[in-house]
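The entries follow in the order I made them.

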Amino acid sequence: MTTATRIPLIAGNWKMYKTPREARQVLEQLTAGLPKNLPGPVVVAAPFVALPAALAATEGSPLELAAQNMFWADEGAYTGEIAPGMLTDLGVKWVLVGHSERRQLFKETDQDVNHKVKAALAHGLKPILCLGETLDERESGRTFEVLGRQFELGLEGLPPEALANLVLAYEPVWAIGTGRTATPAQAQEAHAFLRGEAAKMENTLAKSLQIVYGGSVKPDNAAALMGEPDLDGALVGGASLAADSFLSLIKAGLTAKGFGV
Ligand code: PGA
């Protein structure tokens, strides 16, 4: 499938790292070091409390901010939660939904994920819907079954046009934070499968859907992964925490996609 219509997307996921002050410092370094001819935005998912400082530090730059999670209700008695409108009011444009750490550690279900995707879209936030199998699921031959279920339930009830406003992140759980990356071929196979699922909803939009890979992406493996036709970018945890490694990863990945930066 041609990649010509798809702009690569590289996003950092800082998880529970970085105070507002630390976020500002790294973002200033990133802004200063980013190539001038980027094909699209670079996204950073910062902790909630770092978002205001992060937005101020990235104003006028190609960096855009994501939240790492949110609740789906507009407002209400949900102590400790953050509503979509609170994020858009700040100027946040993106939100990670269904990251495997949310699913595993905080018991988010496919139904929770579905509510969050719907709420994000209703508020004009672009969801990065994360899906991926565990090691056990892969070893027992259930990868596609799991991906298919997460895709279907995550997008349940949404019209096909929703595909134009979201990004998928394939993140095999066994590759996250482990240093064990999926091989380019394993990742490509999963991405092609997901694009096929999307094509069942709407063929043209499936072709332009960005599907990024996450799980131990580093500066030295980004090019091989992003060289695969259905890998449209990366969701990067550990290697996004320091400006120098994130910048080299961005340059390697975009160059592999044919964007000389
Ligand atoms: P990692 O994390 O790059 O540190 O493996 C990826 C992610 O959790 O999104």
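Before the first entry I needed one term: a crossover is right-handed if, with the strands pointing away from the viewer, the path from the first strand over the helix to the second runs clockwise. I also note that this is a predicted model.

I looked up strand 1 (residues 9-13) and strand 2, and found them parallel, joined by four bridges. One pair I wrote down is asparagine 13 with its bridge partner in strand 2, alanine 45. With helix 1 (residues 20-33) between their names in my list, strand 1 and strand 2 make a right-handed β-α-β unit.

I then went on to strand 3 (residues 63-67). Strand 2 runs parallel to strand 3, and four bridges join the two. Here I noted valine 44, whose bridge partner in strand 3 is leucine 65. Strand 2, helix 2 (residues 51-58) and strand 3 also form a β-α-β unit, and this one is right-handed.

Entry on the side chains of strand 2.
Which residues of strand 2 (residues 42-45) point one way, and which the other way? I found Val42 and Val44 on one side, with Val43 and Ala45 pointing the other way. Buried or exposed? All four residues are buried.

Entry on a loop.
I looked up the loop between strand 1 and helix 1, where lysine 15 has its place. Its phi is near 50 degrees, which is a positive value in a residue other than glycine. Lysine 18 is found in the loop between strand 1 and helix 1 too. For lysine 18, phi is near 90 degrees, again positive in a residue that is not glycine.

Entry on the ligand.
Which residues come nearest to the ligand? There are 13 residues around the ligand, and Lys15, His99, Glu171, Gly177 and Ser216 come nearest. By class, I recorded four nonpolar, seven polar and two charged residues in the shell.

For histidine 99, an N or O atom of the side chain is 2.7 Å from a ligand oxygen. For glycine 177, a polar backbone atom is 2.6 Å from an oxygen atom of the ligand. For serine 216, a backbone N or O atom lies 2.8 Å from a ligand oxygen. The ligand taken alone exposes 280 Å², and the protein buries 97% of that.

Entry on leucine 129.
I found leucine 129 in strand 5 (residues 126-131). Why is leucine 129 called buried? Its relative accessible area is 1%, and buried means under 20%. Leucine 129 and histidine 99 are 30 residues apart along the chain, yet their C-alpha atoms are separated by 7.5 Å.

Entry on arginine 195.
Arginine 195 lies in helix 8 (residues 184-201). I wrote arginine 195 down as buried because its relative accessible area is 1%. What does its side chain reach at 2.7 Å? The answer is the backbone oxygen of leucine 209. I also noted a polar contact of 2.8 Å between the side chains of arginine 195 and aspartate 232.

Technical notes:
Residues numbered from 1 in each chain as written. Predicted model: local features only at pLDDT ≥ 70, side-chain atom pairs only at ≥ 80, totals over all residues. Heavy atoms only, no water. Near = heavy atom within 4 Å. Polar contact = N/O pair within 3.5 Å; in protein donor to acceptor, adjacent residues only side chain to side chain. Areas by Shrake-Rupley, 256 points an atom, 1.4 Å probe, with all protein chains shown as cover. Nonpolar A, V, L, I, M, F, W, Y, C, P; charged D, E, K, R; others polar. Buried < 20%, exposed > 50% of the residue type's maximum accessible area, 1.4 Å probe, protein only. Pairing = 2+ DSSP bridges.
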